[in-house]
Amino acid sequence: MCGKKVFIVIDMQNDFITGPLGNKECQSIVETLKAEIEKKEAEGYEILFTKDTHGKDYLETQEGKNLPIPHCIEGSKGWEIIPELAEYARGENVLCKGSFGDVNIGNFVERAAGGVPEEIIITGVCTDICVISNSIILKAFFPETPIKVIGNLCAGVSPESHRRALEAMGPCQINVI
């Protein structure tokens, strides 16, 4: 059964935009992304969000040892979707993920789409960590579904790592638009 088209917003949370892992590139996509969400919602896309989600023991985890900056601690202000986009994140359309990529994202998308999605469009932050890893997981889960990443609606840790991540997705049959 072919499901709806899906538009995914990866990790647009306070800690990645204005918090300890935020940067001007991440901040620069907010208004354009909001306009694109409104457009895709009007076109009938299922709008989905992910939230990077860590516990208070974050610094004791493998990720915390390699990236020792506490962020997106569940229940904190930094964990919340940014105010500009919060109205679109309605609980049932949000996947709380405990790592960069989440093996549950395929099932989450399939349930939301009502079957194998016709198309998946991905946006958000960080291109070079969470966007690329979830895009590849989704391509593995839905090998025949066209997956697109809107490059100018993503931002990375740095402009260079953003560019490298976008380039890496192409050979994986993820279309960067």
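**View 1. An aromatic pair at Phe 141 and Phe 142.** In this predicted model, the count of aromatic pairs comes to 1, where rings of Phe, Tyr and Trp (its six-membered ring) pair if their centres lie within 6.5 Å, and planes under 30 degrees apart are stacked, over 60 edge-to-face and the rest tilted. The pair is Phe 141 with Phe 142, edge-to-face, at 4.8 Å centre to centre and 70° between the planes. Phe 141 is partly exposed at 33% relative accessibility, while Phe 142 is buried at 3%. Here buried means under 20% relative accessible area, exposed over 50%, and partly exposed in between (1.4 Å probe, protein chains only). Residues are numbered from 1 along each chain as its sequence is written. Local features need pLDDT of at least 70 and side-chain atom pairs count only at pLDDT 80 or more, while totals for chains, interfaces and linings use all residues; side-chain values use heavy atoms, with hydrogens and water left out.

**View 2. Lys 51 over the ring of Trp 79.** Here the charged end of Lys 51 sits 3.3 Å from the centre of the Trp 79 ring. To count as sitting over a ring, NZ of Lys or CZ of Arg has to be within 6 Å of the ring centre and within 35 degrees of the ring normal.

View 3. Cys 172 isn't in a disulfide either, with its nearest cysteine sulfur, in Cys 154, 15 Å away. Cys 126 is buried at 6% relative accessibility; Cys 172, at 34%, is partly exposed.

**View 4. An open, parallel sheet.** Follow the 6 strands in the order β4-β3-β2-β6-β7-β8; strands are DSSP runs (E, at least two residues) numbered from the N terminus, as are helices (H or I, at least four), and two strands pair if DSSP finds at least two bridges between them. β4 (94–97) and β8 (175–176) are at the edges with a single partner strand each, so one side of each has no neighbour in the sheet. β3 (residues 46–52) pairs with β4 over 4 bridges, in the parallel sense, and Thr 50 stands opposite Leu 95 in β4.

**View 5. Helices on the sheet.** Helix α6 (residues 127–141) packs on the sheet, touching β2 (6–10), β4, β6 (120–125) and β7 (147–155), where contact means heavy atoms within 4.5 Å. The direction of α6 makes about 160° with that of β6. Helix α7 (residues 159–169) lies across β7 and β8, at about 175° to β7. Axes are lines fitted to C-alpha atoms, for helices over the stretch in contact, with angles from 0 to 180 degrees between N-to-C directions.

Conventions:
Disulfide = S-S within 2.5 Å.
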